[in-house]
Amino acid sequence: MKEYTFVRGNGEKKVIEAMSFKKAIKKYDGKPIDNDKFVHINWSSKKDNASYKVIKLPYQFRKERKGRL
C-alpha cells in the first residue's frame with residue numbers, strides 16, 4: 001500500500017494508505033472549508049519516485065464529469 005499525504009492550505013495534514021490514487025481520494029472525502037478549495041497530495045511510487053498533485057474540492061471523478069459512460 002502507498003501512503004498519500006493530503007495537505008490543505010491551512011496546514012492540516014491527513015495521511016491515508018490506499019492501493020491507488022482514486023481509492024485514496026475516495027477515502028479522504030474532503031469537503032471545502034471556508035475559502036479552502038484545493039488540496040495538495042504527495043506520495044511516492046513503488047520505485048520511490050516522489051509525486052505531487054493539486055486537486056479541486058469537492059473532487060468529481062471522470063464518470064461524474066462525463067455523465068454515464
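**Entry 1: strand β3 and its neighbours**

I began with the pairing of β3 and strand β4 (residues 50-56): seven bridges join them, and they run antiparallel. Strands here are DSSP runs of E with at least two residues, helices are runs of H or I with at least four, and both are numbered from the N terminus. I took two strands as paired if DSSP finds at least two bridges between them. The model is predicted, so local features need pLDDT of at least 70 and side-chain atom pairs count only at pLDDT 80 or more, while totals for chains, interfaces and linings use all residues. Residues are numbered from 1 along each chain as its sequence is written, and side-chain values use heavy atoms, with hydrogens and water left out.

I looked up F38 and found K56 as its bridge partner in β4. The hairpin of β3 and β4 has five residues between the strands, and D48 there takes a positive phi near 60°. On its other pairing, β3 is joined to strand β1 (residues 2-8) by four bridges, again antiparallel. R8 stands opposite V39 in that pair.

**Entry 2: two faces of β3**

I then sorted the residues of β3 (residues 38-44) by face. V39, I41 and W43 lie on the covered face, and F38, H40, N42 and S44 on the uncovered one. In a regular strand, side chains alternate between the two faces of the sheet.

**Entry 3: the salt bridge**

How many salt bridges does a search of the whole structure find? I noted one, the term meaning a side-chain nitrogen of Lys or Arg within 4 Å of a carboxyl oxygen of Asp or Glu. R8 forms it with D36, and the closest N and O atoms are 3.4 Å apart. The pair links distant parts of the chain, 28 residues apart: R8 is in strand β1, and D36 is in the loop between α1 and β3.

Is R8 buried or exposed? R8 counts as buried because its relative accessibility is 5%, and D36 is buried too, at 14%. The cut-offs are under 20% relative accessible area for buried, over 50% for exposed and partly exposed in between, with a 1.4 Å probe and protein chains only.

**Entry 4: I16**

I16 is in strand β2 (residues 13-18). I list I16 as buried because its relative accessibility is 7%. I16 and W43 are 27 residues apart in sequence, and their C-alpha atoms are 10.0 Å apart in space.

**Entry 5: K27**

K27 counts as partly exposed because its relative accessibility is 49%.
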